[in-house]
Amino acid sequence: MELIVAVSVVLVLLVIGGVVAFVRRGGGGTAPPETVDQDPETLPPPAEAVAEPEAPATTLETPDPVAGRLARLRGRLARSNSALGQGLLTLLSRDTVDEATWDEVEETLLLADLGTGPTAELIDRLRERVRVIGTREPAQVQAMLTEELLELIGEDVDRSLATVRTEGRPAVVLVVGVNGTGKTTTVGKLARVLVAQDKDVLLGAADTFRAAAADQLTTWGDRVGVPTIRSDRDGADPASVAFDAVRAGTEVEADVVLIDTAGRLQNKVGLMDELGKLKRVVERALGDGSRIDEVLLVLDATTGQNGMRQAQVFSEAVDVTGIVLTKLDGTAKGGIVVAVQRELGVPVKLVGLGEGPDDLAPFEPRAFVDALLA
């Protein structure tokens, strides 16, 4: 009897324990506690998840200071243009300067692409000064040549770039030239020049005919944190791209908008007309009858006098305001600086002296002449 009672007590205790456990587990139809929906993006990652490493930030390049660039590149310029300066020094330092010597001086100047007019002018002045000073001492001859070459080049000519915001709009610089002169590279290097001067710059990739031009320009801009306005398709209307670039530059309050254009041969009338249209469209985007602030013609210095006709046609089409001479370090024809200025009546404002990203320098007449005669 006692055994039966003990077994009954154990069974009752087991039943009670089971009921309690069941209730605690939420069984028996009891509703689970209410949950709040959460945005999956705000939920913490599961314990076993590993956070993705952040992509390294792009390191922007710091362009070299602009001041004194041409002087720093003096050696490079002197090596390539020694035929002009050293040739003149050698000839005029002779004990006797006769007619044969003057013929050699003339030949040296013409071979250096000085041009017939400037050559005759320089020889007349040199003849008079040599007769007056009556000495062939090299230091005096060098001082005389320095003065005469500076006079010919124009030391007092305004060679500054119009890159200042005016009346709530950015300055607009249009870069033009024939195929192969290095326009896109020049625009990229010019952007670096302006960034070094603490300018806010925006690029316009209006060369829509060369497939890689926009990519090339974008790469130049990315290296110094400069945005590029471009079309998403090849062959787009270049005037439309240029228009969008000016509008974007105005909206973001950029200091300067640089517009790259497609290379074109000067004898292709349709392409030259298109360039004129692009200029008019850009000026329409500026509004209030404004004109493009700067039209830079890029010339390859190694082409010498062959580039003069190119320069004339471009100047007629878009009113060129300044010259960029590229590859000046690769030619002994430094006289092209004088010739192109005389031909167009506009100054050389920038010169390219190498392949480096900061080898574009503002043209400084005295540093140039010093390099010629170094």
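**A salt-bridge tour**

Across the whole structure, a search turns up 22 salt bridges. Keep in mind that this is a predicted model. We'll stop at a few of them.

**Stop one: D293 and R169.** Select these two and show their side chains: they meet in a salt bridge, 3.0 Å from N to O. D293 sits in the loop between α11 (269–286) and β5 (294–300), while R169 belongs to the loop between α7 (138–153) and β1 (171–176), so the pair ties together parts that are 124 residues apart in sequence. Is R169 buried or exposed? With a relative accessibility of 10%, R169 counts as buried.

**Stop two: K327 and D300.** Now pick K327, which forms a salt bridge with D300; their closest N and O atoms are 3.1 Å apart. K327 lies in the loop between β6 (322–326) and α13 (336–344), and D300 is in strand β5, so this pair ties together parts 27 residues apart in sequence.

**Stop three: D207 and R210.** Here the side chains meet in a salt bridge at 3.7 Å, N to O. D207 is buried, with a relative accessible area of 5%, but R210 comes out as partly exposed at 39% relative accessibility.

Key
Residues are numbered from 1 along each chain as its sequence is written. This is a predicted model: local features need pLDDT of at least 70, side-chain atom pairs count only at pLDDT 80 or more; totals for chains, interfaces and linings use all residues. Side-chain values use heavy atoms; hydrogens and water are left out. A salt bridge is a side-chain nitrogen of Lys or Arg within 4 Å of a carboxyl oxygen of Asp or Glu. Helices (H or I, at least four residues) and strands (E, at least two) are DSSP runs, numbered from the N terminus. Buried means under 20% relative accessible area, exposed over 50%, partly exposed in between (1.4 Å probe, protein chains only).
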